[in-house]
Each structure stands twice: as C-alpha cells, then as structure tokens.
Amino acid sequence: MGEETTPLLTVDNLTIEIAGANVVDGVSFTVARGEVLALVGESGCGKSLTSYAMLGLLPPAARRIAGRILLEGTDLAAMSERQLRKARGKDISIIFQEPSASLDPLTTVGSQIASAFRQHHAVSGTEAFARARDMLVAVGIPDADHRLHQYPFELSGGMCQRIMIAIALICGPRVLVADEPTTALDVTIQAQILDLMKQLVATSGTSIVFITHDMGVVADIADHVAVMYAGRIAEIAPVRDLFARPAHPYTALLLASVPRLDITPKANLATIEGSVPFPNEFGYGCRFASRCPLATDRCRAEQPPLFEQGGGHRSACWHINRVHELKENAA
Amino acid sequence: MSAPENVLEIRNVAVHFQGRAGLFGRSAHTVKAVNGVDLDILKGETVALVGESGCGKSTLSNTIVGLQPPTTGSIRLGEDEVVGATGRALNDIRRKVQMIFQDPALSLDPRFKIGAAIAEPLQVRGIARGKALKQRVSELLVQVGLRYEHADRYPHQLSGGQRQRVVIARALALEPALVVCDEPVSALDVSVRAQILNLLVALQKRTGVSYLFVSHDLAVVRHICDRVVVMYLGRFVEIADRDTFFANPKHPYAKALMAAVPEADPERQRNKEGNKERYILSGELPSPSNIPSGCAFHTRCPLATDICTRDRPELTPRADGALVACHHA
C-alpha cells in the first residue's frame with residue numbers, strides 16, 4: 001500500500017550519540033501519506049529518541065551526528081529552533097504516553113486546544129474556541145461545551161489522551177508522532193483510542209509514526225513495522241509479512257515470547273536469554289549477537305546490512321535463511 | 001468450602017474510604033473500593049484478579065497482605081485471622097504472605113546491596129545468621145536464576161528483569177504460603193517478561209506457593225493462572241477456571257475486556273473488527289464514590305434492561321462451573 005508514491009516522510013541514516021555511544025545508529029525509513037508506521041522495540045532501543053529527533057526535541061545529552069529527516073523534501077533536522085517552532089503542530093505533532101503529564105493542570109482544556117490553534121493562525125479567541133469545540137467533537141468527547149471549561153484533573157486518562165490528540169491535530173499536521181499513546185491506559189480505553197486514531201487517519205490522511213512495545217497494538221494499527229534493537233533497525237516490513245514471516249531472529253523470538261490469548265498455553269514461554277546490552281557494551285558486529293541462538297563469529301565481528309527480502313521486507317541478519325528454525329523450535 | 005488446603009479465605013470483605021467533607025460543607029462521599037467479596041485460594045493455585053484501573057483490585061491485594069484494614073469481613077491465611085490481629089500475632093501472620101510489586105526499581109532500596117536486601121527479612125525474623133544466612137541468600141539467588149556474585153551489587157547495576165528476580169527472591173525468603181503479585185511483569189521489557197513468567201511457574205512447581213496474580217493483561221493471565229476472577233467497581237462479576245473462562249467468558253464486561261485486548265496477529269486482529277465493534281465499551285469506569293444502582297455495569301452494558309438498573313445480580317453458578325453475576329448472561 002502506497003509503495004509507489006513518493007514518501008511523505010523520509011528518515012535517512014539518522015544517527016544520535018549519547019556519551020560517545022551511537023544509541024541511534026543509521027536508522028532509515030519512509031512513511032507514505034496516510035500510512036501508520038510502527039516503531040517497535042524494548043526500552044533503550046532508540047525508538048523514542050528517533051521520534052524526538054523528528055521534532056527537534058532531543059534531550060541536551062543527545063546529539064544528532066548524522067542523518068536527514070525529510071518532510072516532503074524539507075529537512076527538519078537542519079532547521080533552526082525558530083523554524084522548528086513554526087513546523088511543530090502545523091507540519092508534525094507529537095503525543096506522549098502520559099497525557100496528564102503533558103497537559104497544563106492550571107488551564108482549561110478548551111484554552112489549551114485553542115492556544116495550539118492560535119500558535120499558527122491569527123484568529124480571535126472566540127474563533128479559536130469554536131475550533132477547539134469542533135475538535136473535541138471530532139475526538140469523540142461527549143458534552144463538548146461543558147468539557148471545554150474543565151481542567152485536566154476533572155477528566156479521566158482516556159479523556160486527557162483525547163484532548164492531547166485534539167491539540168496535536170487541530171492545525172492539521174501531515175505527520176503525527178505517537179509515543180506509546182495507549183500504554184498508560186486500560187485495554188478498554190486503549191481500544192477506543194486506537195479506533196479513534198484509525199478513524200482520523202482515514203478521514204484526514206495524516207500519517208502516524210506509532211511508537212510502541214506492544215505487538216498486539218502493532219497488529220491492530222500498523223501498515224508497516226520497523227523493529228528496532230539497540231539503536232538499529234533489525235527488520236522492517238509490511239505488517240502482515242512481519243508477523244507471518246519474521247526474517248530476523250529478534251523478531252521471531254519476540255513474537256514467540258508474547259503470551260497469546262487465542263492459544264492454550266504450553267508449560268513454558270519461549271524466552272530470549274539475557275537482556276538488552278547497555279550502550280557501552282555495543283560491539284562491532286550485530287548488536288543482537290550476544291542473545292541470538294543463531295550467532296556465529298561473523299555476527300560478532302561484522303554488522304549485517306538490511307537485506308531486501310522482496311515486497312519492502314528487509315532484515316539485518318547474516319542468517320536469514322535459518323530464522324525459520326527458531327519459529328519451529330518455539331512452536 | 002473450608003477445605004484444609006485453602007491458603008487464603010476471604011469472606012465478605014469490604015474496604016470503604018470515608019472522603020472528607022467538601023470545601024463548602026458538601027456531604028462527604030464514601031469511596032467503596034471493595035464491596036463485599038468472597039474468595040478462596042488453594043495451595044499451589046494461581047488465581048488471577050483482572051479489571052480496569054479503579055476496580056478495586058489493588059485495594060483488595062493490599063488488604064490481603066495486611067497493608068489496609070478492611071471495613072468489614074474476614075481474611076484467613078491458613079488457620080489465622082488477619083483482620084483484627086495486632087502486634088506479634090500480625091507479624092507472624094504476615095510471614096505467610098508476601099507481595100511483589102510492578103516496578104522492581106521502586107521496591108528495592110538503592111543503597112542496599114542485593115545480598116542485604118534478600119537477607120533482611122531473614123534477619124528480622126531471626127531465621128538465619130552468619131554463615132547460614134549467607135548460604136540461604138546464595139540459594140535464593142540461584143533459585144531465581146541469578147548468581148551469588150550478584151549479592152555484592154547494587155540495584156542500579158542490574159537490569160529490570162534481574163531486579164524483579166531479586167524482588168522475587170526476597171518475597172520467597174520466608175517461604176510464604178501466598179505471594180500477591182501486583183502486575184509483576186507490566187513494567188518489564190517484552191523479551192524479559194517471558195523469563196519472569198517462566199520463573200514464577202517454575203518456583204511454584206518447586207515450592208507449592210500460591211499466587212494471587214493481579215493483572216490487566218489477559219494474555220499473561222491465560223498463560224499463568226488456574227482460575228480467573230473479574231472485578232468491576234469493587235465486586236466480582238465472574239469467577240471461572242482458566243479454560244472455561246477463555247473458551248467462553250460470560251459476563252458482558254468479561255467479554256468486553258477480552259475483545260479489547262489487541263492480539264499479536266494482524267489477520268485475527270483485523271478480522272474481528274466488525275465483531276469487536278459490538279463490544280467496545282462506550283464510556284469509562286464510573287467513580288467508585290458513586291456506584292450505579294442495580295448492576296454497577298449497567299451504564300456501559302450492551303445487554304442492560306430495566307431489571308439491571310434495579311436489582312443487583314448475585315454470582316450464580318452456570319452449567320460449566322463458572323460463577324457469573326449477570327441477569328442476562
């Protein structure tokens with residue numbers, strides 16, 4: 001889907017350094033218009049840093065040492081802070097995991113949404129409020145007139161996340177970065193928010209870079225998936241392809257280690273031994289080699305490039321043809 | 001039902017919190033976090049307690065381990081009544097029940113070495129000292145898949161999964177009959193979760209400990225538990241054996257919880273979309289300070305009728321052994 005069109009967003013060779021270690025290392029991907037790309041990985045894999053870099057929000061300790069972030073040809077990474085302020089909200093927006101931590105507790109949600117609109121549009125307060133009201137309706141908040149005048153503490157977590165989505169989308173950005181937007185919510189509310197996001201993509205054509213560690217959420221919302229491990233993309237593929245034919249040992253083991261709702265459990269879950277290496281432990285080779293049952297000397301010495309598997313499915317592994325063994329062992 | 005092998009017997013436990021009167025003298029609300037529940041846990045059994053945040057599952061687990069006195073009801077651990085016990089008696093009872101929390105980083109004192117953290121309960125109880133203490137700490141570390149060298153490290157030198165192993169070792173140090181696990185894997189990375197779940201299962205096989213496993217993740221629950229208890233606004237709405245429950249959840253709330261879990265399978269996940277729409281719950285959990293009349297779930301229930309707003313359904317047994325509190329299921 002959308003494979004032939006020019007991509008809306010291109011991240012090219014993004015490399016971010018913290019204290020001498022490349023915590024994001026040569027990350028490249030593209031996102032088409034109206035597409036949802038999931039960035040999946042565990043804590044420390046660099047998925048959040050990648051997304052912050054897209055908005056120029058890297059923490060002070062982190063430094064981008066290479067790479068471009070092209071939004072329809074304009075390099076966001078090369079922008080000054082002043083230019084970024086113009087782009088944020090209008091071209092690219094972000095929502096975070098904990099909505100109550102992102103909202104101002106002392107301001108009504110109506111004025112927070114309205115001020116996001118006025119950041120980019122010279123309109124009166126009344127008009128901005130009217131737009132805020134429309135937006136509340138669009139994100140499915142009942143009784144919008146009343147809610148506009150409430151403070152964040154008067155709303156539940158799910159409602160606050162809807163407010164965050166309203167703020168992020170009111171200026172019609174082309175790309176929405178969603179950093180674990182449903183992780184802090186109950187599953188019932190998560191289902192509502194995921195449905196809302198799918199509906200917004202369908203109606204507005206906004207592309208979403210969806211950051212998560214939850215394979216279930218990926219299966220629900222993503223068109224394409226990039227699996228990250230220790231700062232690099234391990235595998236990138238259309239969503240059905242990835243789940244049906246994982247071509248990287250990390251993906252295969254990750255999928256096998258997730259307990260399933262639809263399968264009567266066996267005695268033991270498949271596990272990945274050890275834990276994610278710290279940045280100072282990254283070696284020269286494949287960063288998954290220390291935990292990989294297929295690893296050979298070559299893996300420890302030489303970093304594998306992303307090999308094309310056809311249909312946009314690429315995997316960074318020297319032993320792609322043996323990955324199916326892992327799946328069979330786990331089954 | 002009071003067979004001798006019950007490690008835990010809860011009878012009619014309620015936990016109410018009296019709110020303070022409002023600023024302008026409005027009447028005080030009573031938050032009814034737990035509202036009359038009964039539960040037995042057998043020796044070696046794992047019971048899962050599931051529900052949304054605010055349903056009272058954490059209040060109930062705190063009550064079971066004696067961190068929160070119940071307003072009414074009885075909690076028996078083996079032969080001993082927890083409610084009303086004080087001083088030494090309470091201390092002795094507490095030895096039989098331990099707790100594992102969600103975030104291991106918050107459960108360990110950052111200035112305690114791992115060995116000292118695990119040794120502390122043994123020293124407090126005067127169970128072991130000197131060489132025997134070292135020996136026991138070493139055994140516990142090995143039991144949870146760590147090495148004795150870890151005893152000399154601080155929590156920050158370990159990964160999240162290793163820290164949770166330490167917390168588990170400490171919980172098992174006193175050989176409790178029951179461990180209450182409050183979301184023990186939700187803060188862990190996906191690839192580490194499976195290790196910890198396997199460890200909990202293996203330890204249960206070895207020691208015969210029982211678990212009360214509090215979780216919102218039904219896939220994890222299916223993997224680990226023998227029985228499922230679904231809680232909604234302070235009451236149990238469905239209790240069933242694992243296979244019965246997952247084959248055929250009956251309470252509309254249980255069905256909605258199941259439908260809401262995104263499955264790690266794009267085909268299944270997208271095929272059930274049409275089906276799932278029916279069960280996506282509109283709205284959110286009402287406040288426990290203002291619980292709806294009749295069946296507390298009627299405000300969100302797709303099956304609700306008049307009787308649901310008037311009469312609260314009791315848990316009644318169904319043909320396959322499940323207990324369900326619903327007029328229409």
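I start with E183(B), which sits in the loop between β7 (178–182) and α7 (190–207) of chain B. For these labels, helices (H or I, at least four residues) and strands (E, at least two) are DSSP runs, numbered from the N terminus. E183(B) is not a glycine, and still has a positive phi of about 50 degrees. Is E183(B) buried or exposed? With 9% relative accessibility, E183(B) counts as buried. Buried means under 20% relative accessible area, exposed over 50%, and partly exposed in between, with a 1.4 Å probe and protein chains only.

Some ground rules. This is a predicted model, in which local features need pLDDT of at least 70 and side-chain atom pairs count only at pLDDT 80 or more, while totals for chains, interfaces and linings use all residues. Residues are numbered from 1 along each chain as its sequence is written, chains are lettered from A and ligands numbered from 1 in the order in which they are written, and side-chain values use heavy atoms, with hydrogens and water left out.

A230(A) lies in the loop between β9 (224–229) and β10 (232–238) of chain A. A230(A) is not a glycine either, and its phi is positive, about 50 degrees. A230(A) counts as buried, at 1% relative accessibility.

Now the interface between the chains. The contact (heavy atoms within 4.5 Å) takes 47 residues from chain A and 43 residues from chain B. About 4,000 Å² is buried between chain A and chain B, and carbon and sulfur atoms give 55% of that. Buried area here is the accessible area (1.4 Å probe) that two parts lose on being put together, summed over both.

How many salt bridges cross the interface of chain A and chain B? The rule finds 2 salt bridges there, the rule being a side-chain nitrogen of Lys or Arg within 4 Å of a carboxyl oxygen of Asp or Glu. R260(A) forms a salt bridge with D265(B), and their closest N and O atoms are 3.6 Å apart.

There are also 10 residue pairs in polar contact between chain A and chain B, both residues at pLDDT 80 or more. A polar contact is a pair of N or O atoms within 3.5 Å; within protein, one must be able to donate a hydrogen and the other to accept it, and residues adjacent in sequence count only if both atoms are side-chain atoms.

On the side of chain A that touches chain B, the elements giving two or more residues include α7 (157–169) and α8 (187–204) of chain A. α8(A) gives the most, with 8 residues. By class, that side has 22 nonpolar, 14 polar and 11 charged residues. Ala, Val, Leu, Ile, Met, Phe, Trp, Tyr, Cys and Pro count as nonpolar, Asp, Glu, Lys and Arg as charged, and the others, Gly among them, as polar.

Last, the inside of chain A. Chain A is divided into domain 1 (9–91 + 173–330) and domain 2 (102–172), with bounds from an automatic or database domain assignment. Their C-alpha centres lie 30 Å apart. Between domain 1 and domain 2 of chain A, about 1,200 Å² is buried, of which carbon and sulfur atoms give 67%. P173(A), L196(A) and L200(A) supply 35% of the area that domain 1 buries against domain 2, more than any other three residues. The count of salt bridges between these domains is 0. On the side of domain 1 that touches domain 2, α8(A) gives the most, with 7 residues.
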